[in-house]
Amino acid sequence: MRGSERLLGATDVPRLLDELIDALLEVTHADKGFLILLQDGEPSVRAARNVGRETLEGALERVSDSIIQRVVETRRPLVVADALHDAEWSGSSSVVNLKLCSVMCAPLTQKGDVFGVIYLGNDSVVSLFDDRSLEVLTVFAAQASLLLQNALFVESLRLETVALKEALSSRQYGDLIGSGAS
């Protein structure tokens, strides 16, 4: 309940992103979470948080590009319970280099197109993700897609309004023609 109130109360995009990740960490018991948006097809980490509600630095180096790529290509959520010992993922350099334990990733979509992903990780073999955790993430990602699309739309309108006001104020007195004698 409190998580929903926090999400609905977030009025700007950065705060909404942090609230989304914090709420997800709470319900999935993940150690860390990342909200990644695609910009011209390239991933851009817009929020990176840990269970202590702290922002993580160097976020792009902390996620597996091969897992993100798979989710973007298939448009389907993915759970890797024990990445280092999973036959499919143990050969991935990003999984090995990051010493990933358990990962979940779900697409953020609008009209069937992926515009980002939610990526969650656990560092302990005690807290491996399972199919039930993936169900929670999948439902959450669908709701997050709607919230995020709305917030991004409102942000673009706000920026457009500011630009229009600036353009109007710079032209307000610049085009006046005087009728007095020179």
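Here are some numbered points on this predicted model, from the overall fold down to single contacts.

1. Ground rules. Because the model is predicted, local features need pLDDT of at least 70 and side-chain atom pairs count only at pLDDT 80 or more, while totals for chains, interfaces and linings use all residues. Residues are numbered from 1 along each chain as its sequence is written, and side-chain values use heavy atoms, with hydrogens and water left out.

2. Overall layout. The protein chain has five helices and five strands, in the order α-α-β-β-α-β-α-β-β-α from the N terminus. Helices (H or I, at least four residues) and strands (E, at least two) are DSSP runs, numbered from the N terminus. Of its 182 residues, 38% are buried; buried means under 20% relative accessible area, exposed over 50%, and partly exposed in between (1.4 Å probe, protein chains only).

3. Contacts and surface. With contact meaning heavy atoms within 4.5 Å, residues 24 or more positions apart account for 57% of the contacts with a separation of 6 or more. The chain exposes about 10,900 Å², and carbon and sulfur atoms supply 53% of that. Areas come from the Shrake-Rupley method with a 1.4 Å probe; for residues, only the protein chains shown count as cover.

4. Helix α5. This helix covers residues 131-171. Its 41 residues should span 60 Å at 1.5 Å a residue, and its end C-alpha atoms are 59 Å apart, which agrees; the expected span is 1.5 Å times one less than the number of residues. At the start of α5, a side-chain oxygen of Asp-130 comes within 3.2 Å of the backbone nitrogen of Arg-132. Buried residues of α5 include Leu-134, Phe-140, Leu-148 and Gln-149.

5. Leu-152 touches Val-13 and Leu-37, leaving aside residues up to four places away in sequence; Val-13 is 139 residues away along the chain but 6.7 Å away in space, C-alpha to C-alpha. Phe-153 is partly exposed at 49% relative accessibility, and together with Val-154 and Leu-157 makes a nonpolar surface patch of about 270 Å². Patches take residues with over 30% relative accessible area and no salt bridge, joining like charges within 9 Å and nonpolar side chains (Val, Leu, Ile, Met, Phe, Trp, Tyr) within 5 Å.

6. Salt bridges. The whole structure holds six, each being a side-chain nitrogen of Lys or Arg within 4 Å of a carboxyl oxygen of Asp or Glu. Arg-49 pairs with Asp-22, with the closest N and O atoms 2.7 Å apart. Arg-49 lies in strand β2 and Asp-22 in helix α2, so the pair ties together parts that are 27 residues apart in sequence. Arg-49 is buried at 10% relative accessible area, and Asp-22 is buried at 6%.

7. A second bridge. Lys-32 and Asp-123 meet at 2.4 Å, N to O. Lys-32 is in strand β1 and Asp-123 in the loop between β5 and α5, so this pair ties together parts 91 residues apart in sequence. Lys-32 counts as buried at 13%, whereas Asp-123 is exposed at 51%.

8. Asn-50. This residue of strand β2 is buried at 16% relative accessibility. Its side chain reaches the backbone nitrogen of Gly-52 at 2.9 Å, and a polar contact of 2.8 Å joins the side chains of Asn-50 and Glu-54. A polar contact is a pair of N or O atoms within 3.5 Å; within protein, one must be able to donate a hydrogen and the other to accept it, and residues adjacent in sequence count only if both atoms are side-chain atoms.
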